[in-house]
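Let's take a walk through this fold together, one neighbourhood at a time. Have the sequence and the 3D view open side by side as you read.

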Amino acid sequence: MLNDDRLTTLRAWQAQDPDPATVAALDHLIERAERGDSEAVAEVVDAFAGRLAFGTAGLRAVLGPGPNRMNRVVVSQAAAGLARWLVANGHAGARVIVGYDARYNSDVFARDTAEILAGHGLTPLLTERHVPTPLVAFALGHLDCAAGVMVTASHNPPQDNGYKVYVGRSQIVPPTDAEIAAQIDAVAAEPLADIPRSDAYSLVGDDLVDAYVARAASLVTLDAPRDLVWAYTPLHGVGADVVARVLAATGFPAPALVDAQALPDPAFPTVAFPNPEEPGAMDLALALAAEVGADIAIANDPDADRCALAAPFDGTWRMLSGDELGWLLADDALARGAQGTYACSVVSSTLLSAMAAAGGQPFAMTLTGFKWIGRVPGLALGYEEAIGYCTDPDAVADKDGISTLTRLLALAARLKAQGGTVAGRLDDIARRFGVHVTAQLSFRVADLSLIGDAMARLRDRLPAALAGVAVEASDLNDGWHGLPPTDGVLFEGAGVRAVARPSGTEPKLKVYLQVNLPAERSADLAAARAHASATMTQLKADMTAALGL
């Protein structure tokens, strides 16, 4: 049962909600809760326990009624808070690009945002239809925008949506996130009906897409080989149309397309999680690649800001890890003579540092997220192990799964023309720099307090050794090698490395692991990899025990 105070709170929320769907959903929850349905009571308590936090990832949560969910009330307040911040910080009248993917309510949230930004005197540019996230990041510079909003939950489950905010050319970082959050809190204390709105916004369509496609096509030289057989899946997302236009502009052959996943579908019916990293997500693409005798298979996540690559290894298809793909892209960029800083996040492999040094280029390590990587001065290439890659930073200072796909097609076609393969190129890198094996532990929780408890246990009993190797611990909360403080613990020893941290976008605790052997151990690659794999198995077990999970 609901007490009178809580019921008053729920009805007050309902009275300002402009969305009949969430009004009806709350009615249904109230009815069930009044009948004593414990699940409904728990949902009401959680949905109204506080406000959805606005941070460096913007907003991301389950759709539904209440201030702790994604809905038109929360989005309208966020848009108004962003508008106030922009006006207060010298951007009155400035352009703001607003895009959206094909998830449930994305178009509605984007239109609300455009109307509210216009109501505050800004100049919103709303995409005519759903677009990949990289097009919004590209539009920041191409259309001279002061800020941008992309309505997407990227690779989250279908019941989620999100709200990503850019200021300048990059995603927001502290203290901007906290300043915008304070403006949102102020808006939330006022009647929703008082937020000014206007339909004085402009639509952007094919001109933006054409400009992005032309830029992506410019990454491929006229004399580059183009003979390639490949499979592709956009994973029920919005990438396929733009990818097709890039192929037409570059002359690469059309892929064998996973038909069941080719069209945007917010239900993501063929996958448990619409994330190429999740087990099973690429199964249809791998089966198709094997069927057609493909050289490679590529997947984008639903908003096409991430890119995954699979290839045959000794006759068996498998997806490359995010680090392996990062090494390939870095090797390719260095071979092309790409000048500038090579950067990766603290949870990614350390191999990039050695590769950059061998190529005479500077290296930078950042905190997790492209809000940090995209800000590295003079960036030549940036990546993080969660299959995010910035391969054309002058145009898109964010991860971009479509320009990355274009780079991969050129790389794979060149390898094929030379009689090589993706697997063979990774062998070459291992022989030169030593075998590096990376892996991840991921603990999804229903109760976020379990993550805090696990991190507290780890800090209270820091292991002195992992996988039989003495390690030193660094608490990233104290800052590390000049990085801003963040919630995480790093362990390093001779040939082993582990970073434990809470996910910034999902209810998960993640541990990022690396085992590496010196180059002199690479004469027998099979033996070196077997040794590294056995060490990795022990490293996983030791870190699981240290976290108590």
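Which residues in H6 meet which residues in H8? Before the reply, one thing to keep in mind: what you're looking at is a predicted model. On the H6 side you'll find Pro134, Leu135, Phe138, Ala139 and His142, and they meet Leu208, Val209, Ala211, Tyr212 and Arg215 in H8. By type, the residues of this contact split into eight nonpolar, one polar and one charged. As for how the two helices sit, H6 covers residues 133–142 and H8 covers residues 206–217, and they pack at an angle of about 95° with their axes 10 Å apart. Angles of 65 to 115 degrees count as roughly perpendicular, so H6 is roughly perpendicular to H8.

Now for the greasy interior. As a rule, in soluble globular proteins nonpolar side chains tend to be buried together. Here the largest nonpolar core holds 87 residues, and Trp230 and Ile298 touch the most other members. Helix H14 (residues 401–417) gives this core its largest share, nine residues. There's also a second, separate core of 49 residues, and Val44, Met70, Tyr100 and Val165 are among them.

Zoom in on Trp230. Leaving aside neighbours within four places in sequence, Trp230 is in contact with Val243, Leu247, Pro253, Ala254, Pro255, Ala256, Ala294, Ile296, Ile298, Leu405 and Leu409. Ala256 turns up again in the surroundings of Leu288: once residues up to four places away in sequence are set aside, Leu288 touches Ala231, Ala256, Leu257 and Val258. You'll find Leu288 in helix H10 (residues 283–292). How far apart are Leu288 and Trp230, in sequence and in space? They are 58 residues apart along the chain, with 9.3 Å from C-alpha to C-alpha. Leu288 has a relative accessible area of 16%, so it is buried.

Ile298 stands opposite Leu309 in S11. Strand S10 (residues 296–300) and S11 pair in the antiparallel sense over four bridges. The two form a hairpin with six residues between them, and Ala304 in that turn has a positive phi of about 60°. Follow the chain on and S11 is joined to strand S12 (residues 316–319), again by four bridges and again antiparallel. Pro312 has Trp317 in S12 as its bridge partner. S11 and S12 make a hairpin too, with two residues between them, and the turn includes Asp314, whose phi is positive at about 50°.

Most residues other than glycine have a negative phi, and most peptide bonds are trans. Phe268 has a positive phi near 45°; look for Phe268 in the loop between strand S9 (256–257) and H10. Phe268 is buried as well, at 4% relative accessible area. Ile387 also has a positive phi, near 45°, and sits in the loop between strand S15 (379–384) and strand S16 (388–390). With 1% relative accessibility, Ile387 counts as buried. For a peptide bond that isn't trans, go to Pro174 and Pro175: the bond from one to the other is cis, with omega near 0°. Pro175 lies in the loop between strand S6 (170–171) and helix H7 (176–188).

One last stop. Six strands make an open sheet in the order S17-S22-S21-S20-S19-S18, with antiparallel pairing. Which strands stand at the edges? They are S17 (436–444) and S18 (465–466), each with a single partner strand, so one side of each has no neighbour in the sheet. S18 pairs with strand S19 (residues 469–475) over two bridges in the antiparallel sense, and Leu466 stands opposite Val469 in S19. Across S19, strand S20 (489–493), strand S21 (496–502) and strand S22 (508–516) lies helix H16 (residues 449–460), running at about 140° to S21.

Key:
Residues numbered from 1 in each chain as written. Predicted model: local features only at pLDDT ≥ 70, side-chain atom pairs only at ≥ 80, totals over all residues. Heavy atoms only, no water. Axes fitted to C-alpha atoms, helices over the stretch in contact; angles between N-to-C directions. Parallel < 35°, antiparallel > 145°, perpendicular 65-115°, else oblique. Contact = heavy atoms within 4.5 Å. Nonpolar A, V, L, I, M, F, W, Y, C, P; charged D, E, K, R; others polar. Buried < 20%, exposed > 50% of the residue type's maximum accessible area, 1.4 Å probe, protein only. Pairing = 2+ DSSP bridges. Core = buried A, V, L, I, M, F, W, Y, C linked by side-chain atoms within 4.5 Å.
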